[in-house]
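Reader: I am new to this structure. Please take me through it in short steps.

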4 protein chains.
Amino acid sequence: MTSVSIVNVTSYTGLELLRILSQHPQFEVSSVTARSAVGKRLFEVFPLLVAMKHTNIDPHLIITEEPEQSELAFVCLPHAAAAESVLSLLERSTKVVDLSADFRLRDAAVYEEWYKHVHPSPSLLETAVYGLCERYRSDIEGASLVANPGCYATAAILGLLPALVTGSIQPDIIIDAKSGSSGAGRSLSLSTHHAELNEDTSAYSLAGHRHLPEITQELEKAAQIGEHPARSLRITFIPHLVPMTRGILATCYANLDEERRIPTTQEIRSLYDQYYANEPFVHVVEQSPHTKWTLGSNQCLIYPMVDTRTRRLIVISCLDNLVKGAAGQAIQNANRLFGIPETTGLLVHPLYP
Amino acid sequence: MTSVSIVNVTSYTGLELLRILSQHPQFEVSSVTARSAVGKRLFEVFPLLVAMKHTNIDPHLIITEEPEQSELAFVCLPHAAAAESVLSLLERSTKVVDLSADFRLRDAAVYEEWYKHVHPSPSLLETAVYGLCERYRSDIEGASLVANPGCYATAAILGLLPALVTGSIQPDIIIDAKSGSSGAGRSLSLSTHHAELNEDTSAYSLAGHRHLPEITQELEKAAQIGEHPARSLRITFIPHLVPMTRGILATCYANLDEERRIPTTQEIRSLYDQYYANEPFVHVVEQSPHTKWTLGSNQCLIYPMVDTRTRRLIVISCLDNLVKGAAGQAIQNANRLFGIPETTGLLVHPLYP
Amino acid sequence: MTSVSIVNVTSYTGLELLRILSQHPQFEVSSVTARSAVGKRLFEVFPLLVAMKHTNIDPHLIITEEPEQSELAFVCLPHAAAAESVLSLLERSTKVVDLSADFRLRDAAVYEEWYKHVHPSPSLLETAVYGLCERYRSDIEGASLVANPGCYATAAILGLLPALVTGSIQPDIIIDAKSGSSGAGRSLSLSTHHAELNEDTSAYSLAGHRHLPEITQELEKAAQIGEHPARSLRITFIPHLVPMTRGILATCYANLDEERRIPTTQEIRSLYDQYYANEPFVHVVEQSPHTKWTLGSNQCLIYPMVDTRTRRLIVISCLDNLVKGAAGQAIQNANRLFGIPETTGLLVHPLYP
Amino acid sequence: MTSVSIVNVTSYTGLELLRILSQHPQFEVSSVTARSAVGKRLFEVFPLLVAMKHTNIDPHLIITEEPEQSELAFVCLPHAAAAESVLSLLERSTKVVDLSADFRLRDAAVYEEWYKHVHPSPSLLETAVYGLCERYRSDIEGASLVANPGCYATAAILGLLPALVTGSIQPDIIIDAKSGSSGAGRSLSLSTHHAELNEDTSAYSLAGHRHLPEITQELEKAAQIGEHPARSLRITFIPHLVPMTRGILATCYANLDEERRIPTTQEIRSLYDQYYANEPFVHVVEQSPHTKWTLGSNQCLIYPMVDTRTRRLIVISCLDNLVKGAAGQAIQNANRLFGIPETTGLLVHPLYP
C-alpha cells in the first residue's frame, strides 16, 4: 500500500478524495490536514463518515496541521497556499498531485496576471506536468508534481481537443459552461446560499474566469500539433451557476474551417471516436449528454455535432466537477504517477437518478 | 370591464393568465375552456385557486369546450389547434392574443418547414402582428390578432435588438439559452420527470429548436433598419434545460463590427440604455442578472458587455418564461389592443428569494 | 398615505415587506434601515429592485442607521436588538409591528429560559398583542405594539385552534413541520449552503425550537376557552429543513377525545369550516394541500382529517413562511392597526408552478 | 460467479441493481427483462450505461421478455405482476429476491385489503422470508424467496425495533416520513412532474399508505418478543413528498412506558447501540442525521432521543430509498441467500455533497 496525505481535507475535493480512496486497493490515507480543524477526527468534521466502518478510510484519523511523511500527497488548498505546501512536500520527496491552480500555467507572468500575485515558485513550473492523462500520460508517469486541471478546463479541453489537433475549426471559440454549486467549494457566500441559488441561473466572472488562461494554454498547444502552425485562439469562456450540486456541462461553439469541405456530424463523430478510442474516461456519445449521467463517476461525456446550416461545430461536454473535474482525475493522475493501472479505484457507475 | 376568454386554461400559460388577470382592473375572465376538463370548475383543476375568494377570478367558473362570446381571447392551445381556434374567434369579432407559434412566422413555407404541417390559414399571417411591444407597439394597437412571441425568442430578440439595429455586430450570432422546466408545459415526459431533471443539466433540440426561425425572422428584420442593407444572419440557438421551474437566461455572443472602433462596455450600455429608455418592461442592468430577479414579474433584464480581448459583444438577457415569456407579455399586448396603459396589471415585484 | 419604516430592511422579511408594500395603496415606505448597509440605496443591496420603476417603492431610497420618524414601523431585527428598537420607536409614538420573538411570550421568565437573556422590557409584554388576527383581531385594533407570530407558530396554531377551542382532542400533541431555507434568513451558514441543503432533508433543533413556547402559550390559552378548564398540553414540535426556498408544511397529530363519539372527517371539517368561515386568509381545503399552493400569497391552507383506525386527528397546515408566516401577516396586522380593511394589499394569487 | 436475472430492469430499482452489481465480485448479470423494451440493449434504455465499459455490467446486454435461466433473480415488477413472475422463477429453481410487496405480508387477507385483489399465491406466504437481515438473518440463509421490505418500512422498522423489543414505549406510534421523488418510480405522473414537485412539499396517501400493514406486522411481531405479551399497536404513518430525488427521513414519535423510570437519551442510545452493535448497515448516530449522509450507500442512520419534557421517544431514521430501501437491501439479502459475506459489494461511501 502507498501512503497518502490529503492536505486540506475539509474541502469538498478533500472529502471526495476520501470517498474515492475508500475503495482504492493501493492507496492508504495515512495523514489528513486542515488548519481549521486541527486535532479533530475525520468523522467530527464529516459526520457522514461515522458509518464507514469497513472501508480503506479510518473515520477516526486525527486531522493535523501539517501532513505527515507519506509517498503521495493530494493538495486541496487554495492557490498560493497550495504552492507553499507543494514545495515543502517535494522537499520531503513526496510525490504531489496539486488540485489548485498554482502549477497549471507554464508562464509565471500569465499566472501573475490572473491570480494577482507573484508566482511563489516559478522554477517548478517547468517540471510540473499538466495532469490531463488524455494529453500528457507519459509525462505524468515520470513526474513528481502533477498540476490537476480545473473542472471547467477539463470539460472544455476534452471537448475541443480532437477538433483542434486536426485543424478542423477556426480560431474563434466560445465556451458556455454551466456548473453546479459544489464547484464553488465549501466556503460560504451569498451566491451559494441556498435561498439565493435555488431556482436561479446566472452567469458570473464575466470579466474573465481564472480557468480561461488554462484553457487557452492547452488549446493553443493542441492547435500547434501536426500540420498546422502555431496560432493564437480567440476564446470566450462564460461560466454559469445553475441550481444543482454537482456537474458541469460545457457547450462549445466554433466555426468549421471554411477551406475544407464541411464535414458531416457522422464524420466529426468518427474523428472524435478515433481520438478517444483508448481512453477509459472519455466517451463520445450519440445523443446530447446529461450531467446526471456522470454523477459520482470519472467519465467525461462528449457529443460533437455539425450545424450544417451555420457551418459550425457544436460540442457538448459534461462531467462531475468533483470527480473527473477534481478528485477522480487527481487519483487517475496518482495511479499513473505510481505506475498502477490508470483506472484503479475509478470504475464506478454514476448514481442515477 | 372587458370580457375575456382563456382557451385551454389548463396549461401553465392559462393558469398564469388567471394569476395575473386576478389583479387586472379592466379585464374580466368570463369564459375558460379545456377539452380535457369540460364541466369542471376552475378550482377542481387547480385546487390552489380555491382560496382565491376576493379577486377578479371566480374559482367556480365552469370550464367549457368552446369559448363563449367575449371581447378578447387568449389562446393557449398547441400549434395547429391554436390556428383553428383563432379563426373561429376572429369570425366572432373577438380580438385574439395567440400564445402559440401559429401566427409568429410571416412566411407559411418557413412555418411548414419547422412545424411539419401546412399552415391552416396563411392569409392571416399578413394581418397578424408579432406581439413584441418593444418593436411593434403601434401595429399592435390597431390589430385584431397578435402572435405572442415565444419565451426564448423574447429573451434573445430583446437582448440583441439594440446591437442589430445599430449595426454594431457581425452576422454570426450564438444564443446559448437556459430554461426552467415550466417552459416544457404541463404535459408529462421523462425529460421533465422530477427524478430525471432534478440535479441535471442538458442541451436539447440540437437539430434546431422551433423558436429559431422566429428569432431569425425578427433579428434579420432588425438588421435591415437604418443605414445597413438587408443581410442574412447566421444564428445558432441552443436551448438547455436546468433544474428550476421558472426562468430563462439567454447568453448571446457576437463579434463586434471590425470596421468600426471597438466600443467600450460603457458605450454599448449607453446604446442599450437609450434604445430601451422608455420601455417599462426592459431594463438594462449594471451587473450580470439572475433569472430569480424576474420571478413572477414581467421584466426582461439585459446586461450587455464588451469582451475587449476577443472583440466580442456578450449580452445576457433574462426573464420569467411564463410572464414576459408568455402570459405577462400577452396581457401587455392585450392592454395595447384595448388602448389601456400598457403596464396595467403588470407592475408587480418579483418574488425573491 | 401612512408613512412606514422598515427596520433592518436587508433581511428576507424586510425585502418581502418591500415586495408586498409595493402594491399597497395606503402605506408608503419612507424610511429603511440596516446597520450593514448605511448610506447605500435600496437597489444597491437588492439589485432586483432596480427594475421596479413604477411601484410604491423607490429603489433609490437611502438606507439609514436609525429609522426616521414615521407613523408605522416594521421591525425585522433579531431578538433582543428588536426590543431595543421597539422601545425607541414607541417613545416616538410610532406604531410597531415587531417581526422578532421579543414580545410574543407573555411571561418574561419563559422568554429568558428560551432566549437565554433577561427580557429587556418586561412591562411592555402586557400591552403587546400577539399578532394573530384570527385570534386577537379586536385587541390588535387598539394596540400600539403587535408581536408578529413566528412562521412555524402560525402554521401550527391555525392548524390546531379549532380542535382545541372545541375540546375535540387530548392534550398530547405532535407537530412535525417542514420548512424551506428562507426561514433561516439571509445569514450564511453551512446548513443553508446550497451544496449541503440541496437534495437533503433533516430534522433540527431537537432539543427544543424557540417557536415551541409560543405555540404552547397560544394553544394552552385556546384550550381554556369554553367549557373546558385550564389544562396544560404536552406538545412535541420537531422542525425539518427541506430543499426548497419557501413554504412550511406542519403535520399535526393528536388523539381525539375518547369520552366523546369519534367524529368523522366530514364533521371535523365542518367544525373547521365554521371556525374559519369569515377568515380571508385561512382556508379549509378538501384535499391534502401543497406548500406551493401558497407561494407568495398570504393564505394558510388547512386540511383536517380523522384517522378512524387510530382515533387520531391529523391536521395538515401550510403557508408561505415569508408571507403569512412573516411579512404578509405583519401587513395584515398593520392594516388592522390603522383601521383599514385587513386584506388591503394582500389579495394576490400564489405563483404556480 | 452466480448468474443473475433482473426482471423489469427499466425501473429505477432495476437500474440501481445494475449500478451496485457492477461492483459485485460474485454476481454476474446474465439476463435482463422489460416488456416495454424487448430487443433493445441496456444502453439504449439507459444511455448513461454506454460509458460503462470496464465493469461487471455489459451495456450491450439485450433486454428480453422473460428471464433466462439463472441462479438468482431480482424481481422489480409492480405487485401482482411480481407474484406471477416469482412463481415461474421458483419453479425453475431460481432463488428470488422480490422487490415488490407481494410476499411481504404474512396474511393473505391483509394483502387483499390493502392491494385490492386476491393474493395470487397465498401458500408461498409461509415460505417467503421478510428480507430484513437485521431481523431474519438466519431465516434468509435457507430461503428460496425473500420479500424485500418497502423503503418506508425499512426506515420505520429499523428506527423502532430496539424500542419495541425492549418494551420501552407505549403502543401509540406516529411515523412522519419524508421521501424524495425516486420512490415514486419512473412512471410519469403530475405529482412527480418537475414543475409541480420542485419547490413543493406535501403529504400524501392520507387514507393509508400500503407500507403501513407491513410496518404494523413487523412492529407488532417485535413487540411480542421477550417479556411482553402480544399486543396490537396503534400506528399512524404519514408519508410526505419533498423536492429531492433520493432519500427517506422518518421521524418516529412514541410515548415512553410510564410504568418505568423515563430513561435518558444516553440510556436509550446505549440500548440502540447494543441492539445494532454487529450490524454493518445500521448506525446509531450522535446527532440528527441527514438523508444526504446516505446518498448511494446502504446505510440506515438512526438517531434516538428522549424528550424529557413530554416523556416521549423521538427516533429519526434515514436511508437512501433506492439502496437500503430497495436495491442495496436486495443485494444484502442475496448475499445472505448465497452464503457469501453480507456486505459484499455494498461497502461504498455516500456521495457527498
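Reader: Are H7(A) and H9(A) roughly parallel or roughly perpendicular to each other?

Author: This is a predicted model, in which local features need pLDDT of at least 70, side-chain atom pairs count only at pLDDT 80 or more, and totals for chains, interfaces and linings use all residues. Residues are numbered from 1 along each chain as its sequence is written, and chains are lettered from A and ligands numbered from 1 in the order in which they are written. Helix H7 (residues 151-165) of chain A packs against helix H9 (residues 212-223) of chain A at about 20°, with the axes 9 Å apart. Angles under 35 degrees count as roughly parallel, over 145 as roughly antiparallel, 65 to 115 as roughly perpendicular and the rest as oblique, so H7(A) and H9(A) are roughly parallel.

Reader: How do the terms "helix" and "axis" work here?

Author: Helices (H or I, at least four residues) and strands (E, at least two) are DSSP runs, numbered from the N terminus. Axes are lines fitted to C-alpha atoms, for helices over the stretch in contact, and angles run from 0 to 180 degrees between N-to-C directions.

Reader: In which hand does H7(A) pass H9(A)?

Author: A crossing is left-handed if the near helix is turned anticlockwise from the far one by less than a right angle, and right-handed if clockwise. The crossing of H7(A) and H9(A) is right-handed.

Reader: How many residues of the contact of H7(A) with H9(A) are nonpolar?

Author: Two residues are in contact if their C-beta atoms, placed from the backbone, lie within 7 Å. H7(A) brings residues including Leu160(A) and Leu164(A), and H9(A) brings residues including Ile215(A) and Leu219(A). Ala, Val, Leu, Ile, Met, Phe, Trp, Tyr, Cys and Pro count as nonpolar, Asp, Glu, Lys and Arg as charged, and the others, Gly among them, as polar. The contact has no polar residues, 2 charged and 11 nonpolar.

Reader: How far apart are the C-alpha centres of domain 1 of chain A and domain 2 of chain A?

Author: Chain A has domain 1 (2-127) and domain 2 (152-321). These bounds come from an automatic or database domain assignment. The C-alpha centres of the two domains are separated by 27 Å.

Reader: Which helix gives the most to the side of domain 1 of chain A that touches domain 2 of chain A?

Author: The contact joins 9 residues of domain 1 of chain A to 7 residues of domain 2 of chain A. On the domain 1 side, 3 residues come from the top contributor, helix H4 (residues 108-115) of chain A. That side holds 6 nonpolar, 1 polar and 2 charged residues, and its main helix is H4 of chain A.

Reader: How many residues of chain A take part in the contact with chain C?

Author: The side of chain A that touches chain C has 5 nonpolar, 7 polar and 1 charged residues. Chain C gives 13 residues, and chain A gives 13.
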